[in-house]
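Please have the sequence and the model open while going through them.

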Amino acid sequence: MAICRWIIPCLLAVPACAAPPAPASAPAAPATAARAGPVTAPPPAHSAAPATTPIPELPALVRRLLDGRMVRHGGDLGAVEVAVKAEDWATVAERARAIADEPRLARPVGDTTLNAVIPPAFFDLQDLLHHRAEALEAAARAQDGPRVRAAYESLGETCGQCHQVWFPVP
Ligand code: HEC
């Protein structure tokens, strides 16, 4: 898919280049997430201790369900990037709203719901994305360039945070 080829390296580059520290509210994405291969954190480099924090797997069905939303996220974020450069705040606001409005997978209620198989950190990142998209929309409606740019960076960073764990790109 054409969009994946250009947008994913971008998304992963955002946190690497801008590297603003994640706010305290951000769920900690395991820093040692492997970019490919088995979904298990490698042991720390300077320790003989075995790996103790496996990264929870995301079921294949869930991945498939996410596909359409992700493709739309890719289109929206790409449009936001162009609009931020052009200082087209109306388009930034509209596309940020579209990201915020994407239906999210519902958190499980009790342990008998199907969604209980999804790791809690996934829901945290989904919500973080929603809130950051709303913050971007608000900044764009206020036509506040510096705030828009900062909000855009942290939105892209959130995409990268989740992909680092569950959609690693080699
Ligand atoms: C809460 C986790 C999470 C967040 C946040 C997230 N993604 Fe994803 N994304 C995924 C997962 C999981 C996949 C892999 C789905 C699969 O295996 O097919 C994915 C895949 C993708 C793909 C590839 C789709 C395909 O069909 O190949 C694109 C494009 C994408 N995401 C864009 C984005 C953008 C842009 C954002 C931020 C605006 C974002 N994603 C935020 C979890 C997330």
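1. Start with α3 and α4, which cross in a left-handed sense. This is a predicted model. The axes of α3 (residues 89–101) and α4 come within 8 Å, and the crossing angle is roughly 160°. Angles over 145 degrees count as roughly antiparallel, so α3 and α4 are roughly antiparallel to each other.

2. Which residues make this contact? From α3 come Trp89, Val92, Ala93, Ala96, Arg97, Ile99 and Ala100. From α4 come His130, Ala133, Glu134, Leu136, Glu137, Ala140 and Arg141. By class, the α3 and α4 contact has nine nonpolar, one polar and four charged residues.

3. Next, look at α2 and α5. Their axes come within 11 Å and cross at roughly 155°. α2 is therefore roughly antiparallel to α5. The crossing of α2 and α5 is left-handed.

4. In this second pair, α2 brings His73, Leu77, Val80 and Val84. They meet Val148, Arg149, Tyr152, Gly156 and Cys159 of α5. Six residues of the contact of α2 with α5 are nonpolar, two are polar and one is charged.

5. Now the ligand. It is surrounded by 25 residues, and the closest are Arg63, Met70, Gly74, Cys159 and Cys162. Two or more residues of the shell come from each of α1 (2–18), α2 (60–85), α4 (120–141) and α5 (145–166).

6. Which element gives the largest share of the shell around the ligand? It is α2, with eight residues. By class, the shell has 18 nonpolar, five polar and two charged residues.

Technical notes:
Residues are numbered from 1 along each chain as its sequence is written. This is a predicted model: local features need pLDDT of at least 70, side-chain atom pairs count only at pLDDT 80 or more; totals for chains, interfaces and linings use all residues. A residue is near a molecule or strand if its C-beta atom, placed from the backbone, lies within 6 Å of it. Helices (H or I, at least four residues) and strands (E, at least two) are DSSP runs, numbered from the N terminus. Ala, Val, Leu, Ile, Met, Phe, Trp, Tyr, Cys and Pro count as nonpolar, Asp, Glu, Lys and Arg as charged, and the others, Gly among them, as polar. Axes are lines fitted to C-alpha atoms, for helices over the stretch in contact, and angles run from 0 to 180 degrees between N-to-C directions. Angles under 35 degrees count as roughly parallel, over 145 as roughly antiparallel, 65 to 115 as roughly perpendicular and the rest as oblique. A crossing is left-handed if the near helix is turned anticlockwise from the far one by less than a right angle, and right-handed if clockwise. Two residues are in contact if their C-beta atoms, placed from the backbone, lie within 7 Å.
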